[in-house]
Amino acid sequence: MNRVTLWRRIGDLDLLGALGIDVKEVRLILRILSRNPLSLAGSIIILVFFATAILIAIAGVGVLPYDPYAVNIAEALQSPSLRHLLGTDNLGRDIFSRIVAGTVVDAQVSVVVVAFSMAVGGLLGAISGFYGGKVDEIVMRVTDIFLAFPGLILALAIAAALGPSLLHVMEALLVVWWPTYARLSRAEALTVKENQYIEAAKASGLRDIEIVFRHVLPNILPPLMIYATLDIGSVILNASVLSYIGLGAQPPQAEWGRMVFDGQSYLMTQWWLPIFPGVAIMVTVLGFNLLGDGLRDALDPRLRRIVRG
Amino acid sequence: MSGDKSLLQVKNLRVIFNTDAGVVRALDGVDLSVGYKEVLGVVGESGAGKSALGLTIMRLIPSPPGRILEGSSIIFRGVDLLKLSEEEMNRVRGTGISMIFQEPMTSLNPVYTVGDQIKESIRLRIARSRRERPRGGRLERLDDGGSVEDELLEALRLVRIPDPEKIAKSYPHELSGGMRQRAMIAMMLAAKPSLLIADEPTTALDVTTQAQILKLLRDLMEEVGASILFITHDFGVIGEIADRVAVMYAGNVVEIAGVHDLFHKPSHPYTIGLMESIPHLTGERGELPTLPGSMPSLISPPPGCKFHPRCPHAFEKCRRETPRLVDMGGERWVACHLFGRR
């Protein structure tokens, strides 16, 4: 099977060796993943999502069958047909084109939020875990405070205070998102710092902060990256919720949550207005969750035996 | 001890650890010295304080819970390391005193190639000599015009690694234990330290590789001109590599002597006991003599000489007074009342 050989190729890259990952182990994990139809479906959804987003971001909305922002009252509220695959909205805009154009917004928001959370949380967590003592105590209590609030409510409050805009949604989500990464990174740093190469680095006269950057961070990156990739789905979900409430993307921007909100009054008569963007959110988030489940099974040696046998 | 001519002089070194169970006296007044171009072996049972000694000299004792008590001193090249600031101590680490560890499997960082890690060590040394910190990959030229790359290959050749170009590009997990330990030694020697602390560097290796590494260290000491403080629990290893030996028991040095003297006429009852319990290839077969009992708790050690509960020659004074190291002449020092001031 072609896909399997592709997985093999990925497994062969020396990059993985460079990250201290056992290549055989990775190959086994990829094989288990590709055998599980659900996680395979999940990875395809994710690939399609990002491929589309990158294509639109580079080529512009011109490649779409219709301009997602062109108002055409004459064709308003058309049901799905060959002409308009997913129908048109109340302003006659093609819903398929708008959904595809929306991938860019969601990809952008989710990647930015996850990347910044990983950078901020990852660094703070690594410092916290490596130094221990008072530093650790302070960083961890601060994350406790952030984690004490329900994430979405806190994000909502911040976004509302800043005023409706997509940028503010990103900022609000970032505030809520980094503590999880700090926790994760700290836990990894605690194991990494027990390694003798850390002691050896100290014995070579490297300063603590140099050890954090040169020896601790590169070693906690792989698990952090895996978590971040799977985390993108929940950022998309939360960003959509904020946009749905009206705090994020503003009209006429094509954003999935906003499209559900704008179309919900047509639910009983022209159902395709809110349903299709809703399905887009659901499928994308599902894709991340499916891959996440598959990856968890593949990484758990006890579950792995069942899959193999 | 060798007096002023020594590279490292440890005097009355006392280190305690505060634990939930009580205060552990890991090092309780250790005196020893390492001369120039000398290998000092440090032997003792597990928990005798050998590794704590190595880490304390590097000032890498985790603190808290560890603490170096007042009155201790570690004189290295005429400077008391315990009086240096952390920043000054950092400059001693690596280029002054370097350390290799027991576990070659985990003492190299898995995410960098062996070459990168050795180069880091070389750059650190150049940066030190230029009084600046290393930045990125800019320090590619040495003062004598050679490149870091050349010096890396030289370092790998020095530790007898075959095909150094290939090994430099390898990741630690691609190498065997012996190769990793060689790479580790290359990395530490690339910083050109004057003292190398080797904490059981061959314990995790098989006997053949162990012999090769020991010979390598011995040869390198001659070539590079560094001294070695060699920590081990294995008398066989000591016999291979050391010039002089310090025997440790429960946080004290109980005897220091030249390696030949120690093996042939041990003085301290503990050393004698240890020597008798080593099986010999020749001679009578029979049950091996053992030392009765085990090493005392370091939280509440027995008063006086810590060895007295196990000592066949213990007398009244041993229970009251802690013996100090006494010069027996001929480079031999013993801490035992049997030999005190006669």
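This is a predicted model: local features need pLDDT of at least 70, side-chain atom pairs count only at pLDDT 80 or more; totals for chains, interfaces and linings use all residues.
Residues are numbered from 1 along each chain as its sequence is written, and chains are lettered from A in the order in which they are written.

Helices are DSSP runs of H or I with at least four residues, and strands are runs of E with at least two, numbered from the N terminus.

Chain B is divided into domain 1 (1–96 + 194–302) and domain 2 (108–192), with bounds from an automatic or database domain assignment. Their contact takes 13 residues from domain 1 of chain B and 14 residues from domain 2 of chain B, where contact denotes C-beta atoms, placed from the backbone, within 7 Å. On the domain 1 side, helix α7 (residues 207–224) of chain B supplies the largest share, 6 residues.

Between the chains, 21 residues of chain B are in contact with 17 residues of chain A; α2 (86–92), β7 (97–100) and α3 (114–129) of chain B each supply at least two residues of the chain B side.

| Side | Residues by class |
|---|---|
| Domain 1 of chain B, touching domain 2 of chain B | 8 nonpolar, 4 polar, 1 charged residues |
| Chain B, touching chain A | 10 nonpolar, 8 polar, 3 charged residues |

Here Ala, Val, Leu, Ile, Met, Phe, Trp, Tyr, Cys and Pro count as nonpolar, Asp, Glu, Lys and Arg as charged, and the others, Gly among them, as polar.

Terms used: Two residues are in contact if their C-beta atoms, placed from the backbone, lie within 7 Å.
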